[in-house]
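Please read this briefing alongside the sequence and the 3D view. It covers the fold of one chain, then the way the copies meet.

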Protein chains: 2
Amino acid sequence: MVRWLQHYDSSSLFNDLMAGIVVAILIIPQGMAYALLAGMPAEYGLYASMLPLFCYALLGSSRSLAVGPVAIASLMVTSALSEFAAPGSAAYIQAAINLALLVGLFLFLMHLLKLGSIVNFMSHSVISGFTSAAAVIIALSQLKHLLGLEIERGDFLASLTQTANTLPNSDADTLLVGISSIMVLLITKKPLCCLLKRAAAPSWLAEAVCKGGPMFAIIAGMVLVTWLDSASVAIVGEIPSGIPALSLNFINPTLWQDLWMPALLIALIGYVESVSVGTALASKRRERIDPNRELLALGAANIGAAVSGTFPVAGGFGRSMVNFSAGAQTTIASLITAVLVALVVAFFTPLLTNLPTATLAAIILLAVLPLIDISSLRQAWRYNKGDALTLVATFIAVLLLGVELGIVLGIALSIAILLKRTSQPHIAIIGRVGASEHFRNIERHDVSTHPDILILRVDESLFFANTRYVEQFILAHIAQHPNIRHTLINCAAVNDIDASALETLENLSHQLHSEGICLHFSEIKGPVMDRLERVKFADHLACGEIFFTTDEGVRQLETQC
Amino acid sequence: MVRWLQHYDSSSLFNDLMAGIVVAILIIPQGMAYALLAGMPAEYGLYASMLPLFCYALLGSSRSLAVGPVAIASLMVTSALSEFAAPGSAAYIQAAINLALLVGLFLFLMHLLKLGSIVNFMSHSVISGFTSAAAVIIALSQLKHLLGLEIERGDFLASLTQTANTLPNSDADTLLVGISSIMVLLITKKPLCCLLKRAAAPSWLAEAVCKGGPMFAIIAGMVLVTWLDSASVAIVGEIPSGIPALSLNFINPTLWQDLWMPALLIALIGYVESVSVGTALASKRRERIDPNRELLALGAANIGAAVSGTFPVAGGFGRSMVNFSAGAQTTIASLITAVLVALVVAFFTPLLTNLPTATLAAIILLAVLPLIDISSLRQAWRYNKGDALTLVATFIAVLLLGVELGIVLGIALSIAILLKRTSQPHIAIIGRVGASEHFRNIERHDVSTHPDILILRVDESLFFANTRYVEQFILAHIAQHPNIRHTLINCAAVNDIDASALETLENLSHQLHSEGICLHFSEIKGPVMDRLERVKFADHLACGEIFFTTDEGVRQLETQC
């Protein structure tokens, strides 16, 4: 941030100011909506939109990332806490605050250990399957607010059946408010926005309409509720005025034993979401974000959330896009957002009393539906059945077994599929192409071979999971061709040889030697050869040799046969 | 087996007969010793040396593997069951039988799913660390029998302190028996064996002495006990005569919930041990074993153990070596062993009443000490710190946390290290060597480059765990070199591209395109290209192209710059 401030001028400030205002207009309704999704009173969404933004603005490396309450982390909070306490109760809120603290501490720990790359263990398929399932669960959870139904908390299938069964009990007034809110959101987002732009309206007006949909929906919802004056439409109710005092009284380590696992998963998922958005936006400006610094900044933001007495936060996809396209130049835009939210919390909460929860549900619904990602499944299915399987399995596991167990199973499955694939590498028997120095697969090309010499190319690093497979392949081939005297492994595609593979190769070499066969190697890469030389691999090869090129090796072996 | 019988003749039968006798001489004391180690009465080791051998002989693909009670599986049985019931009690025996059944069922299941390769997930380092720790635990557990101490069951550290504290209470008579047994074992094994061979004694005599050490130790132990006539020397006691009836009454599915995890681990470890020995012995004869068939045969052997009312079995290392070197031609040798054990069980158990447990402890001690594998650690330390870390961590975890948790943690750690390594692949920036068509690392070789073209070689398959790393590497390099117009990735070492990597590459291509940079690829391998063509990868590359060779690509790009 210090670096940016040196080139900061009034035009940057103007841009940041506009972006800050636009994001504040968005974050106030969204924050309250996500607080309800997380099982917290609505005002806690506003508390999560002040200090955490401040902390991120001071430490973060992304200029455009908008931190605050986000849909998926909020769902994970509900999923983690609803076993412990009734949503909205004092015990529940205390648990949520401790959860935010743990999320922050995990992110700090990952920062200290430079474990930013840990998120790489989550494949795109796992994230896509998880996100889609989370979006479906969130969408279902909002239906009851839109329809005015009373649904008990339960797992996905139970909620689905209960919603379907109680559908006839829908409340007409609530439904009217909900549908009106959806209409306002849909109309301001595309048609009205395009109309204003085409009509050459002032750019600030067009901008405000295009980005401010949720605010218009809120105003329309409150007007409608006042006009209907119906007791059956649920409203947010009175929101305490004033900024909450910062406090450390919430710390309750007895809760941590049960909360560490969900906290770790919220930290990972929140970090993945933030870094993905941050990277995408930074590269549009040919800038870079520092993943390790993001861990620090997001950790600070979550500890900020805990100290403000609220639930975990992350960098949101939608708001960050809005922040970027509204012209945010630096994280000063986030500071402005935080100040504006603080003003609302301090002075204007009475205005929000009549806000219908159906409107908040509509805002959430339209924010999460685009997260249901069918195109990734279609692409994965065409390209790689293993990835498609992971995606579908994660999706189903999250729906049926819950968000935490689902994502853990998805990660385990993707690692198992990876190991399965690398444990059976492609092995080509190769021969010389014409009179050239090239050696290619005998099944794909017209090549010449020598009956006494077996030449193989293993298209994978050699390590514990595939070393037996390669050994078996060679032994099986030799058992079928008793005249083989030399076996040469071309290591051009072998990027690493681990200790298990080293041991197997040495044993294989001795075993083949006792059968009168020499095991040779060629085209071992520099970094691999450096390590092999340290353990004097060449001396342990019985009659085998290491050749620089396959061509050189084969020429020499042919003279011996 | 049917195939072997066609060429079976009287000389094969003679060899199998000799090998069967030698192994029977070995398996009777060892079986009883391992039964005690497994917390079972001694005779159950003999029961485990009849029907299981029969089952394996009919189905197995290895001609020399000697199945029966083994040290490490016996330790795992104790570790799994001593929480449930007092060793030797009826409840304990019932649990052990159910465990054998589950081990058999798991092996069958793995056979049906053709999951023989699942054992590849155990790296050599994990197996080595686990085996060494198991050997240490077994050795410690036998000290109390050798010293005549009363030690309560407990974890490794508790047993170690208790053994050290009660050392002064050692019983002199028991110690005398124990040390004598060790002396007999040591003397017959090497010096006496060499002496007889050098003295040109008849080969059957030399053979009997060299392999029959445990039998001599037993005879010596029983003679010594009779002579000492000391009440303080523990003996095996009366062994019920007669072969046990086969039965299915033991099945108790309520136990399975607690036993499935240890059963799975015993199945895996037993299978790894058996296949390793089987492969080594088969290849000495230029034969092959079929790993999937071994799953079936070992599964049948364990179900045979359950039906005989005893504990899990596996292919043992030591006995298989003896079987092989005694000349076993086919699994008929195992049938002969089984018949001989049955004869002993039916008629001669009264002879074994006076057998001192200190002698059995000495047999176990000398069998497991060679399993403590320091040389693997030394080699791994020199070659690859990650493997050495896995070995040491598995060793310590098995000692401190127990055999099951220890091995699971070892496997998890080895997979984590693998992912960590592949998640940060070696990426070389390459340039043209002289005027040749070769491109090599600019840091290692004297090469020429073009300022507008960045050429990279990624030495790893592209998949979810490293795709972000590669992306960050490219973006970081481009941010530092603003004049770059073309980026070419040489895929010669890329053996696979998964769906996550595909998505990242397509996004990266568009992102670079928006900055005026084209992302090209070259030398994509056949199998990878086939898959990429299915999703029309080339069409999604914005301005990028796919070149057959790096040389061709660079020539064409240079004309554009």
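**Overview**

Chain A has 23 helices and nine strands; helices (H or I, at least four residues) and strands (E, at least two) are DSSP runs, numbered from the N terminus. This is a predicted model, in which local features need pLDDT of at least 70, side-chain atom pairs count only at pLDDT 80 or more, and totals for chains, interfaces and linings use all residues. Residues are numbered from 1 along each chain as its sequence is written, while chains are lettered from A and ligands numbered from 1 in the order in which they are written.

**Chain A**

- The C-alpha atoms of chain A fill a box of roughly 100 × 60 × 55 Å along the principal axes.
- Of the 561 residues in chain A, 53% are buried (20 or more other C-beta atoms within 10 Å of the residue's own, with C-beta atoms placed from the backbone).
- Helix 5 (residues 71–81) of chain A is largely enclosed by the rest of the structure, because 11 of its 11 residues are buried.
- Among these buried residues of helix 5 are A:Ala71, A:Leu75 and A:Leu81.

**Contact between the chains**

- The contact (C-beta atoms, placed from the backbone, within 7 Å) takes 51 residues from chain A and 50 residues from chain B.
- Several helices of chain B each supply at least two residues to the side touching chain A, including helix 7 (124–147) and helix 19 (403–422).
- The copies meet through the same surface, because 100% of the interface residues of chain B are also interface residues in chain A.

Note on methods
Buried ≥ 20, exposed ≤ 12 C-beta atoms within 10 Å, placed from the backbone. Contact = placed C-beta atoms within 7 Å.
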